[in-house]
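Thanks for coming, everyone. Have a look at the chain on the screen with me, and let's walk through a few places in it.

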Amino acid sequence: MGVKLKDIAEQCGTSVATVSYVLSGKGAASRISAEMQELIFDTAEKLGYTRKAAPPKPKKPRIAIYWPKKGLETTLVSIMNGLNSAILFDTVPISIAICPYEANNLHLEDDLWSSRVYDAAIIVSASAGDLATLAKRKPKIPVVLHNRVLEGYPCVSIDQEAVGRIAAEQAVCKAGDDIGLVINPAPYLGLSQRGTAISQTCLEYGVDIHTRTFYCENNIDAGYELGIRMIRNHNVPKAVICTYDIVGFGLMRALIEAGYQVGSEVQIITTCTSLPQFFAKSTPSMTVVDLKMEETTHRAVRLAIDLALQHLDGADIRPTIVQPQITYRESSPVPTFEEMEHLKRCKAAHSTDVS
């Protein structure tokens, strides 16, 4: 039978409470004399008393967010809002590290392939090359893919095909076959998926936009310069879809400066990775297909925390696909009943032609 605090108290001629204070390290705070503390420690050792281990402190999960260095600057606010909402009411302290990386060079991020630094990681908008790396080589920590889907990994992503379909149907409603698509020439996977979905949806309605596809970089100045070129070349479509939101701001500015009536004479629709509120305050306000970047980030962070705390097994988690939502504003108003009926007739007629 093990030694109890009562046995030590009897040997030392003191109370059980005093022994408990001393052995738990609270002797000085309880104003117990140094002599009595020494006697209690010596007696406990002589009797072979083994102190119970202190309960472990809650683990502080360390989450790394791998962020592409280029091409996604305007999404940062939405990402941070999603991150903050995910950890705001968490009772467990969480350590977050932002780790910028070069696209297609994820294999060079040593901490991702080690179990020493982080307990889990979120990879934002991985390139096709980085997804190929992840398919061949598994990190030693749980990894959540943000806005990408890859077999064998927990994923939280917007439905890119649905984004493209919604944007294309709005354009066809408003402009028939007079549609332009603005996309970045670089191989950004999400933009490419949206662009492909836009083109394929337009074809379903008998509209081929390959000859009206415009290329520019993902920034507001590039959008403005593209708008100037469209005007000079007398090649302004009745509806323009931008696969990156900030480009739409620059394009709209160029058209307005040239006297175009945005929202009637020409319509602009953009897919939105930034805060949707930004586009409500533009002049005119911008119609957007919201990629729900804040929501996807919130879900990805919560998932990464649960994986870091080993509350979940990553191998059993199915991809979470978030559905986009269009917000109609002045740059491309809500379709009328007649426009929606025309859209239906176009698809039915094309389906008949194909069959």
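Let me start with a question: is Val236 buried or exposed? Before I answer, a word on the model: it is predicted, so to speak of local features we need pLDDT of at least 70, side-chain atom pairs count only at pLDDT 80 or more, and totals for chains, interfaces and linings use all residues. Residues are numbered from 1 along each chain as its sequence is written, and side-chain values use heavy atoms, with hydrogens and water left out.

Now, Val236 is buried, with a relative accessible area of 18%; buried means under 20%, exposed over 50% and partly exposed in between, with a 1.4 Å probe and protein chains only. You'll find Val236 in the loop between α8 (220-232) and β8 (239-242). Helices here are DSSP runs of H or I with at least four residues, strands are runs of E with at least two, and both are numbered from the N terminus. Not counting residues up to four places away in sequence, Val236 touches Arg212, Met230, Ile231, Leu255, Tyr260 and Val266, where contact means heavy atoms within 4.5 Å. From Val236 to Ser95 the distance is 49 Å, C-alpha to C-alpha, and they are 141 residues apart in sequence.

Next, His146, which sits in strand β4. Its relative accessibility is 1%, so His146 counts as buried. Neighbours within four places in sequence aside, the contacts of His146 include Ile79, Ile122 and Val156, and also Met293, Thr296, Thr297 and Ala300.

Just after α11, Gln310 takes a positive phi of about 60 degrees.

On to helix α5, residues 128-136, whose buried residues are Asp130, Leu131, Thr133 and Leu134. Seen down the axis of α5, these fall within an arc of 155 degrees, so they line one face of the helix; the arc is that of the directions from the helix axis to the C-beta atoms. The face turned away from that buried side carries Ala135 and Lys136, both exposed. Covering the buried residues of α5 are, among others, β2 (95-101), β3 (120-124), β4 (143-146) and α7.
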